[in-house]
Amino acid sequence: AEEMGAAPRVFGPTWLLLAPRVLIGWALGQAYISFFKLSGPYKCANAWSIAATELWSTVTKRGLGSNLILFATVSVFGLLSAAFFALDAALFIPRMLLGSISAAAATGRPPQTHTMKSKAS
C-alpha cells in the first residue's frame, strides 16, 4: 500500500486529522479495505463515509474498556520500541565509530569510508 500511495496517513494526502471518527476507527480498528481507498490509485468517494460510519461503529460496539486496553497495550509496546531504538542508537553508533577509529589506529591507516570502487579494465 505504501509503494502505490494507498497507505492511510495521519499527516498526508488522506488528512485523517480532519475526520476524527475516521482517525479513531483507523487507529483502533482492523485494516479494512476502505481505509486503503481513502487515497491512492483505488481512491473511492464512498470510502470516507464508510470509514466514518460503518467502521466507526465497529470500534464503538467494542466498548470503552476494550478500546482502552487496546490503546494501553499499543502505547506500552510503542514506548518500548522507541526506548529500544534510542538505546540501540546510543550504544551502536558510538561503538561503530570507535571501532573504525581504533581499527584505523591499530593499522596506521585512515578509517574506511565504504565507498564503491570501480574496477579498472
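**View 1. Asn 46, a partly exposed loop residue.** At a relative accessibility of 49%, Asn 46 counts as partly exposed (buried means under 20% relative accessible area, exposed over 50%, and partly exposed in between, with a 1.4 Å probe and protein chains only). Asn 46 lies in the loop between α1 and α2, and its C-alpha is 8.5 Å in space from that of Ser 34, although 12 residues separate Asn 46 and Ser 34 in sequence. This is a predicted model, in which local features need pLDDT of at least 70 and side-chain atom pairs count only at pLDDT 80 or more, whereas totals for chains, interfaces and linings use all residues. Residues are numbered from 1 along each chain as its sequence is written, and side-chain values use heavy atoms, with hydrogens and water left out.

View 2. Of the 121 residues in the chain, 16% are buried. The mean pLDDT of the chain is 77, with 75% of its residues reaching 70 or more (pLDDT is the predictor's confidence in each residue, from 0 to 100).

**View 3. The packing of α1 against α2.** Helix α1 (residues 20–28) packs with helix α2 (residues 47–62) at an angle of about 55°, their axes being 8 Å apart, and the two helices are therefore oblique to each other (angles under 35 degrees count as roughly parallel, over 145 as roughly antiparallel, 65 to 115 as roughly perpendicular, and the rest as oblique). On the α1 side the contact is made by Arg 21, Val 22, Ile 24, Gly 25 and Leu 28, and on the α2 side by Trp 48, Ala 51, Ala 52, Trp 56, Val 59 and Arg 62 (contact means heavy atoms within 4.5 Å).

**View 4. Ile 50 in helix α2****.** With a relative accessible area of 26%, Ile 50 is partly exposed. Leaving aside neighbours within four places in sequence, Ile 50 is in contact with Ser 34 and Leu 55. Ile 50 and Val 22 are 28 residues apart in sequence, and the distance between them in space is 8.9 Å, C-alpha to C-alpha.

How values were computed. Axes fitted to C-alpha atoms, helices over the stretch in contact; angles between N-to-C directions. Helix = DSSP H or I, 4+ residues; strand = E, 2+ residues; numbered from the N terminus.
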